[in-house]
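Work through the exercises below with the sequence and the structure at hand. Each task is followed by a worked solution.

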Amino acid sequence: MAIDSNKTTEYSLFDIISKASSIFFESYIRPTIVSSRSCQEIQMSLLLNTNEKVPVVANVELVESKIYWSIYIAVTRDKLYQELLAAREHLENKTEELTLLTRIDPLTSLFNRRAAIDDFTKVIHQLHRNFVPVSFLLIDIDWFKKINDTYGHDRGDEILIDLSSILKKVTRTSDIVARWGGEEFLVVLYNSNIENTRIFCERLHIEVNSIKLTGDNNLSISVGVAALKADNLTCSDVIEKHVKEADIALYEAKNNGRSRTEFFDDINLN
């Protein structure tokens, strides 16, 4: 019931609620009332004479054949609700940012060691269900201490960043790329057999050699590779075992003159 110019005008429910609330009434409120005879704490919108929408909370009951409404203006409550939603979204975003910070190396923006281990632990569970070949690559920048001593640590940081960019460029989203520590990087190639890994390493050396140090001096890297075998999935230390094998192969690459790739399975350990 509304009073206008000393005349009493009767309005139906659908004259005073928003179109969205009308649809909500027909699709949800009416069926609920019919089945349970009441519907509590419903959020709706009323329309003012100015066509402005006002949030309300309604309680509805079916008594005999009539529907009774109790409607309360909820402007403050709606504002508080929106503020709570905004606060929750802000906290979720901050939590996501903090989680990301614990996984990312601040200089190179690659994963850190912890993130690489966590992500490959998840991959192991997939490999138990459906095994595919995986290669571990441990990469070390040749003569990095000499580079720092000759060109300065700022240039050394630039080289780490440049190498990281190349690693991102040549790998796939299914691969894991991380700064393992100092000038060492770990790449885990997913679904990559030995032949594919050899081709990858050849390309990687070419890409890295495009980084200029000075004059005719270009950057080079040494790479050690260990191939994951299905039988080794049952080991309790799968990651540690294969990183250690890749490290042995890396040491062999350095002993053989650097700027090369060595595979653990090709090394005669006797």
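**Exercise 1.** Decide whether T32 is buried or exposed, and find what its side chain and its surroundings touch.

Solution. The model is predicted.
- Step 1: the relative accessible area of T32 is 16%. Buried means under 20%, so T32 is buried.
- Step 2: T32 belongs to helix α2, which covers residues 19–36.
- Step 3: a polar atom of the T32 side chain lies 2.7 Å from the backbone oxygen of Y28.
- Step 4: once neighbours within four places in sequence are left aside, T32 is in contact with R37, S38 and C39.

**Exercise 2.** Check the span of helix α4 against its number of residues, then state which of its residues are buried and what covers them.

Solution. 
- Step 1: helix α4 runs over residues 113–129 and has 17 residues.
- Step 2: at 1.5 Å a residue, the span of α4 should be 24 Å.
- Step 3: the buried residues in α4 are A115, A116, D119, F120, V123, I124 and L127.
- Step 4: to read that list, recall that an α-helix has 3.6 residues a turn, so residues three or four places apart point the same way.
- Step 5: the cover over the buried residues of α4 includes the strands β6 (134–141), β7 (176–181), β8 (184–190) and β11 (221–228), along with helix α8 (238–255).

**Exercise 3.** Describe the second largest pocket by its volume, its lining residues and their classes.

Solution. 
- Step 1: the second largest pocket holds about 190 Å³ of space.
- Step 2: its lining consists of D142, W143, K146, I147, T150, Y151, L213, N217, N218, L219 and S220.
- Step 3: α5 (144–151) and β10 (217–218) each supply at least two residues of this lining. The largest share, 4 residues, comes from α5.
- Step 4: sorted by class, the lining has 5 nonpolar, 4 polar and 2 charged residues.

Key: Residues numbered from 1 in each chain as written. Predicted model: local features only at pLDDT ≥ 70, side-chain atom pairs only at ≥ 80, totals over all residues. Heavy atoms only, no water. Expected span 1.5 Å × (residues − 1). Buried < 20%, exposed > 50% of the residue type's maximum accessible area, 1.4 Å probe, protein only. Contact = heavy atoms within 4.5 Å. 1 Å grid on protein atoms, 1.4 Å probe; cavity = no way out; pocket = protein on both sides within 12 Å on 5 of 7 lines; lining within 4 Å. Points joined across faces, edges and corners; volume = space filled by probe spheres on them. Nonpolar A, V, L, I, M, F, W, Y, C, P; charged D, E, K, R; others polar. Polar contact = N/O pair within 3.5 Å; in protein donor to acceptor, adjacent residues only side chain to side chain.
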